[in-house]
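Here is a short briefing on one protein chain. Keep the sequence and the 3D view open while you read.

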Amino acid sequence: MNFATNPIYVLGVLCLMVILADYAAKTKIGKKLGAALLVILFTAVIANLNLIPSASNSISLYDGIFTYLAPISIFYLLLGVNLNSIKKAGAPMIILFLIGSLATTLGILVAWTLISPEHILGEDGKIIAGMLTGTYTGGSVNFNAVALQYDFQERGILYAGTIAVDNVITTIWIIATLSIPAILRTFWKDKKVKTAKQEMEGQDKEKLTFNSLIWLIFLGITAYYVSELITNVFPKIPSILTLSTIGILLAQIKFVQGLKGSHFLGLYLVYIFLAVIGAYCEISSVIELKEVGLTLLT
């Protein structure tokens, strides 16, 4: 086995990227970018230098991180949620999601009118438009669901190229969503944002004890398993929705509230997930597609 594809080596590199991002985020310039953005950028660089696998030669470790670590990281972060704060943030979050989904759909329609991708992509252009609309309004599950419905995965290079473009744009999109709030914060001071930041800083001071660790690991694995069982019974309910609900419900239990370090644990797993997002940002795959890649990218 090539050392560059060895899962232990790759996992070690991903962990190293998190460490470097954490240290870099404490510098004068790094503070403006944040560790989340830096870990994506650092990993994208080494992946494009072929020091670790990227999208075109993805390894099972990446799939495992997407399948298990990413959902469980959300579960851990939700263990610190107060239902009162959910009531306050619920309506704005839903409204913003609907606005974002509508804007994405309109963006696809405008791009279709301006670029006319069917001249290059043919009938596949409509399928790709649906895949991209789905992934940016509901994630990669929608992307693959549309692809499977129309057997698009059998298109080989075109399917791989669409994934490559999606990965690059997703990376840029995540970088933008992490950067824009930091930039706007210098012009717009909001007391609610300041209060939320203070609450998060308070959570960061929690000490992860051994007793808390063994319980958190147990709860994370068990909650994930239960969510999968429920999805098997009710396939139309996404497992991530069930897992999130379980996390919020457990967060209201006094015993779970007493467990320290869930925010730390969840945040670390999120950074590992973001590192893989960075690794999937493969510029070479888009360039190899030439005109088709440029059309997809546009």
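## A buried leucine and its surroundings

Leucine 250 is part of helix α12. The model described here is predicted. The chain holds 16 helices and zero strands.

**Leucine 250**

- Leucine 250 has a relative accessible area of 19%, and the cut-off for buried is under 20%, so this residue counts as buried.
- Apart from neighbours within four places in sequence, leucine 250 is in contact with Phe75, Leu79, Leu219 and Val256.
- In sequence, leucine 250 and phenylalanine 75 are 175 residues apart. In space, their C-alpha atoms are 9.8 Å apart.
- Across the chain, 74% of the contacts with a separation of 6 or more are between residues 24 or more positions apart.

**The nonpolar cores**

- In soluble globular proteins, nonpolar side chains tend to be buried together.
- The largest nonpolar core has 31 residues, and the members that touch the most others are Leu14, Val39, Ile52, Tyr62 and Leu274.
- At least two residues of this core come from each of α1 (7-24), α3 (35-48), α4 (60-78) and α14 (262-279).
- Helix α14 gives the largest share of this core, with eight residues.
- A second, separate core has 15 residues, among them Phe75, Leu219, Leu243 and Leu259.
- Which residues does leucine 14 contact, leaving aside its neighbours within four places in sequence? They are Thr43, Ile52, Leu61, Tyr62, Ile65, Ile272, Ala275 and Val276.

**Helix α14**

- Helix α14 is mostly covered, with 14 of its 18 residues buried.
- From its first C-alpha to its last, α14 reaches 26 Å, which is close to the 26 Å expected at 1.5 Å a residue.
- An α-helix has 3.6 residues a turn, so residues three or four places apart point the same way.

**The surface**

- Of the 298 residues in the chain, 37% are buried.
- The accessible surface of the chain is about 17900 Å², and carbon and sulfur atoms account for 70% of this area.
- A nonpolar patch on the surface is formed by Ile74, Val233, Phe234, Ile237, Ile240 and Leu241, which together have about 520 Å² of accessible area.
- One of the patch residues, isoleucine 237, lies in the loop between α11 (210-233) and α12 (239-250).
- Isoleucine 237 is partly exposed, because its relative accessible area is 33%.

**The salt bridge**

- How many salt bridges does the structure hold? The structure holds one.
- Aspartate 22 and lysine 26 form a salt bridge, and their closest N and O atoms are 3.6 Å apart.
- Side chains of opposite charge can pair when their charged atoms come close.
- Aspartate 22 counts as partly exposed at 34% relative accessibility, whereas lysine 26 counts as exposed at 54%.

**Asparagine 50**

- Is asparagine 50 buried or exposed? Asparagine 50 counts as exposed, because its relative accessibility is 60%.
- Asparagine 50 sits in the loop between α3 and α4.
- The phi of asparagine 50 is near 65°, a positive value in a residue other than glycine.
- Most residues other than glycine have a negative phi.

Notes:
Residues are numbered from 1 along each chain as its sequence is written. This is a predicted model: local features need pLDDT of at least 70, side-chain atom pairs count only at pLDDT 80 or more; totals for chains, interfaces and linings use all residues. Side-chain values use heavy atoms; hydrogens and water are left out. A salt bridge is a side-chain nitrogen of Lys or Arg within 4 Å of a carboxyl oxygen of Asp or Glu. Buried means under 20% relative accessible area, exposed over 50%, partly exposed in between (1.4 Å probe, protein chains only). A nonpolar core is a set of buried Ala, Val, Leu, Ile, Met, Phe, Trp, Tyr and Cys residues joined through side-chain atoms within 4.5 Å. Helices (H or I, at least four residues) and strands (E, at least two) are DSSP runs, numbered from the N terminus. Contact means heavy atoms within 4.5 Å. The expected span of a helix is 1.5 Å times one less than its number of residues. Accessible areas come from the Shrake-Rupley method with a 1.4 Å probe; for residues, only the protein chains shown count as cover. Patches are made of residues with over 30% relative accessible area and no salt bridge: like charges are joined within 9 Å, nonpolar side chains (Val, Leu, Ile, Met, Phe, Trp, Tyr) within 5 Å.
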